[in-house]
Amino acid sequence: MNNFFNSNAWNTFVLVIMGIIAFFTREIVTFFMLGFVIISLTNIYNVLKEISSKLDDRK
């Protein structure tokens, strides 16, 4: 289940739900800004996870 929340399917689902809400509330700019924030946080998380796994392998 942990892998599902880190998958592209989950990210796509969340973005679709946010897009629908943004469309009906007319907050399209907010939708795009939140999308950029989510993409940035996902990239930071993946880099930190990769660094952590490399440090664990060195021990």
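Exposed here means over 50% relative accessible area, buried means under 20%, and partly exposed is in between, using a 1.4 Å probe and protein chains only. R26 sits in the loop between α2 and α3. Its phi is positive, about 60°, although R26 is not a glycine.

A word on the source. This is a predicted model, where local features need pLDDT of at least 70, side-chain atom pairs count only at pLDDT 80 or more, and totals for chains, interfaces and linings use all residues. Residues are numbered from 1 along each chain as its sequence is written, and side-chain values use heavy atoms, with hydrogens and water left out.

Now the overall picture. The protein has 3 helices and 0 strands. The order from the N terminus is α-α-α. Helices are DSSP runs of H or I with at least four residues, strands are runs of E with at least two, and both are numbered from the N terminus. Of the 59 residues in the protein, 8% are buried.

Next, the helix pair. Helix α2 covers residues 8–25 and helix α3 covers residues 28–58; their axes come within 9 Å and cross at roughly 160°. That makes α2 roughly antiparallel to α3. Axes are lines fitted to C-alpha atoms, for helices over the stretch in contact, and angles run from 0 to 180 degrees between N-to-C directions. Under 35 degrees counts as roughly parallel, over 145 as roughly antiparallel, 65 to 115 as roughly perpendicular, and the rest as oblique.

Who makes the contact? From α2, N11, L15, M18, G19, A22 and F23; from α3, I28, F31, L34, G35, I38 and T42. Contact means heavy atoms within 4.5 Å. By class, there are 8 nonpolar, 4 polar and no charged residues. Nonpolar covers Ala, Val, Leu, Ile, Met, Phe, Trp, Tyr, Cys and Pro; charged covers Asp, Glu, Lys and Arg; the others, Gly among them, are polar.

Take L15, in helix α2. L15 is partly exposed, at 31% relative accessible area. Setting aside neighbours within four places in sequence, L15 touches F31 and G35. L15 and F32 are 17 residues apart in sequence, and 9.8 Å apart C-alpha to C-alpha.

Last, the rings. The whole structure holds 2 aromatic pairs. One of them is F23 with F24, edge-to-face, 5.4 Å centre to centre, with 75° between the planes. Rings of Phe, Tyr and Trp (its six-membered ring) pair if their centres lie within 6.5 Å; planes under 30 degrees apart are stacked, over 60 edge-to-face, and the rest tilted. Both F23 and F24 are exposed.
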